[in-house]
Amino acid sequence: MIITKKKNSQELMENIKNYKSFFLIGCSECATLCGTGGEEQVKELSETLKAEGKEVTGGVVVKTGCQVLGTKKELKAHKDAIDRAECILVLSCGAGTQTAVELFEDKPVYPTNDSMFLGNMTRFQMFDERCSLCGKCILDKTGGICPITTCPKGLLNGPCGGMKDGHCEVSEEIPCAWVRIYERMKRIDRLQEFCETTIEAKDWSQAQKPRTLYAREKKQK
Ligand code: SF4
Ligand code: SF4
């Protein structure tokens, strides 16, 4: 899931100070789980704006904010309220915000959140970064633990000389990714393979931005 955190409220208010009326769009997926874009947050922001003397013409939590066509369909029911708003506020990740930009070409759209990373929820509203979307996954070679993301140096054949007692030299709070990989490979009986494998330098062209993927296979003629 995409991990988001709320923007500092002063920063948000400064960004939108020139507008008087707003329509709010939350997202029922990641932003709801992060506590940044669910029903509760839409209601909270609506009350904050009203307390600041602003008008809120309406608000909705769409199913999946990064799904452009689905969001367009859902927002049709709110056309009047959207038309009456000077500005759209999107309580989701940057992808959801850009869905609104695509749908409302002539209206200002502002994000209320900062998008942080792709992460796993390991406890209630506690998130860990596990994947950097590098475009060519090497988890098959590392026992399923990503060194590109969980080693601060992104080393492909670690550990580095700074590892101490299983901890990372960058921060004692971080377990060394390569010690974790070693322990994991040992546990699943792949230690020999681990010792014999050298991971080649990464082809970062797979991560060149912006990326587009058309997942449907083209029909054969
Ligand atoms: S290698 Fe790591 S960063 Fe790349 S896709 Fe796999 S989990 Fe994600
Ligand atoms: S100590 Fe381990 S996790 Fe930290 S930078 Fe070195 S190899 Fe990476």
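How many nonpolar, polar and charged residues does the shell around ligand 2 have? Counting Ala, Val, Leu, Ile, Met, Phe, Trp, Tyr, Cys and Pro as nonpolar, Asp, Glu, Lys and Arg as charged, and the others, Gly among them, as polar, the shell has 9 nonpolar, no polar and 2 charged residues.

Before we go on, a word on the model. It is a predicted one, where local features need pLDDT of at least 70 and side-chain atom pairs count only at pLDDT 80 or more, while totals for chains, interfaces and linings use all residues. Residues are numbered from 1 along each chain as its sequence is written, chains are lettered from A and ligands numbered from 1 in the order in which they are written, and side-chain values use heavy atoms, with hydrogens and water left out.

Back to ligand 2. Among the residues around it (a heavy atom within 4 Å) are Cys-151, Cys-160, Cys-168 and Cys-176, along with Lys-153 and Glu-169. The ligand takes up the space of the largest cavity, with more than half of its atoms within 2 Å of the grid points. A cavity here is a set of points, on a 1 Å grid over the protein atoms alone, where a 1.4 Å probe fits but cannot get out; a pocket is an open set with protein on both sides within 12 Å along at least five of seven lines; and lining residues have an atom within 4 Å of a point. This cavity holds about 100 Å³, the volume being the space filled by probe spheres set on points joined across faces, edges and corners. Its lining has 16 residues, with Cys-151, Pro-152, Cys-160, Cys-168 and Cys-176 nearest the centre.

The whole structure has 2 cavities of 30 Å³ or more.

Let's look at H6. Gly-96, Thr-97, Thr-99 and Ala-100 are buried there (under 20% relative accessible area; exposed is over 50%, partly exposed in between, with a 1.4 Å probe and protein chains only). They sit on the same side of H6 because they cover an arc of only 150° around the axis, taken from the directions from the helix axis to the C-beta atoms. The face turned away carries exposed Gln-98 and Glu-102.

Finally, ligand 1 sits in the second largest pocket.

Methods: Helix = DSSP H or I, 4+ residues; strand = E, 2+ residues; numbered from the N terminus.
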